[in-house]
Amino acid sequence: MPQDMPPVGGYAQVQYKRNIPTRGFKPWVYMAGMHMIMAWGTYKYMQGTREQRELAREKMWARMYLTPLLQAEEDRDQVRRHFANQAREVELLGSEQKIYNADRYVLIHLVYID
Amino acid sequence: MAAREPRFNQEVLVDTTPMPDHIPKVQELGATSAPLFSAAYFIGERCKAYNDDFMKCKDEGNGRGELDCLKEGRKVTRCAASVIKDINTHCLSQFKAHWECLENNNHYLFECRRPEMDLNKCVFDKLGLKKEIPGSPEGQVPVHLRPKQKYAIYPGPQY
């Protein structure tokens, strides 16, 4: 039996390449567009962050200007209660009692009244 | 019938004993948060020396600042009260507009730039106190002078 041989004139070409029309832009255009959108968003984000920082600074300084005032009021109240406490102690116990072995002023966190 | 007066804890928890007489009296400010916040920069501008003095005294008080710095504290309160009093005499309507705006807008300063501009202008003209934010970057419009506020509900120009 004779061996199979290629047909006369060779085989036909095998279709292996894509044969679809390319559509849309070139890939680098999409890449560049994405980067531009990202850059715009980052720019807006940074502007917003800067504005937030300035707003925070404004609020912080307003509070810092008010702090001594509020602290002074609170301190006066504490001192008033401290003296009231001392007077009450003398009245009830006859003398002032030291509860801490130190001269440091200790804030009164609890006021007992009865 | 009970011979004893009923006593409720809620009534006696607050110690109402007045301050002893050897300490000079001072009228407390009595302003709520919104007017204080609105006037904070003017208080800071006029009372900077007293405020710094008081805070320094407290810092150096070594734990006894509450008792030792009463004098400085009274100065701070009197100075702040004088600012509030002056604003109330000269710029009451603008002041009221601004702090009511703050109260209605969650204390956001950036929602109330228009009343703030009016208030700042009036206070600068009448009292000579100017709002300046320390440490804001050079070469930029300070945030309280920008007409557009990015984070306001209406982000366009407010005035």
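In this predicted model, A:A62, A:Y65, A:L66 and A:L69 of helix α1 in chain A meet B:L36, B:F37, B:A40, B:Y41, B:I43 and B:G44 of helix α2 in chain B, where two residues are in contact if their C-beta atoms, placed from the backbone, lie within 7 Å. By class, the contact of α1(A) with α2(B) has nine nonpolar, one polar and no charged residues; Ala, Val, Leu, Ile, Met, Phe, Trp, Tyr, Cys and Pro count as nonpolar, Asp, Glu, Lys and Arg as charged, and the others, Gly among them, as polar. Helices (H or I, at least four residues) are DSSP runs numbered from the N terminus.

Local features need pLDDT of at least 70 and side-chain atom pairs count only at pLDDT 80 or more, whereas totals for chains, interfaces and linings use all residues. Residues are numbered from 1 along each chain as its sequence is written, and chains are lettered from A and ligands numbered from 1 in the order in which they are written.

**Contact between the chains**

- The contact between the two chains takes 27 residues from chain A and 36 residues from chain B, and the side of chain A that touches chain B has 14 nonpolar, two polar and 11 charged residues.
- The axes of α1(A) and α2(B) come within 8 Å and cross at roughly 85°, the axes being lines fitted to C-alpha atoms over the stretch in contact, with angles that run from 0 to 180 degrees between N-to-C directions.
- The helices α1(A) and α2(B) are therefore roughly perpendicular to each other, since angles under 35 degrees count as roughly parallel, over 145 as roughly antiparallel, 65 to 115 as roughly perpendicular and the rest as oblique.
- Helix α1 (residues 27-93) of chain A also meets helix α5 (residues 70-90) of chain B, with axes that come within 9 Å and cross at roughly 130°, which makes α1(A) oblique to α5(B).
- In this second pairing, A:P68, A:L69, A:A72, A:E73, A:D75, A:R76 and A:V79 of α1(A) meet B:L70, B:G73, B:V76, B:T77 and B:A80 of α5(B), and by class the contact has seven nonpolar, two polar and three charged residues.

**Helix α5 within chain B**

- At 1.5 Å a residue, the 21 residues of α5(B) should span 30 Å, and its end C-alpha atoms are 30 Å apart, which agrees; the expected span is 1.5 Å times one less than the number of residues.
- The buried residues of α5(B) include B:L70, B:G73, B:V76, B:A80 and B:I87, where a residue is buried if 20 or more other C-beta atoms lie within 10 Å of its own, exposed if 12 or fewer, and partly exposed in between.
- What covers the buried residues of α5(B) includes α1 of chain A together with α2, α3 (48-60), α4 (65-68), α6 (92-104) and α7 (113-126) of chain B.
- The axes of α2(B) and α5(B) come within 9 Å and cross at roughly 125°, which makes α2(B) oblique to α5(B).
- The contact of α2(B) with α5(B) is made by B:A39, B:F42, B:I43 and B:R46 of α2(B) and B:C79, B:A80, B:V83, B:I84 and B:I87 of α5(B), and its residues divide into eight nonpolar, no polar and one charged.

**Loop between α6 and α7 of chain B**

- B:N106 lies in the loop between α6 and α7 of chain B, has a phi near 60°, a positive value in a residue other than glycine, and counts as exposed with 7 C-beta neighbours inside 10 Å.
- B:H107 is also placed in the loop between α6 and α7 of chain B, and has a positive phi of about 60° although it is not a glycine; with 17 other C-beta atoms within 10 Å, B:H107 is partly exposed.

Notes
Helix = DSSP H or I, 4+ residues; strand = E, 2+ residues; numbered from the N terminus.
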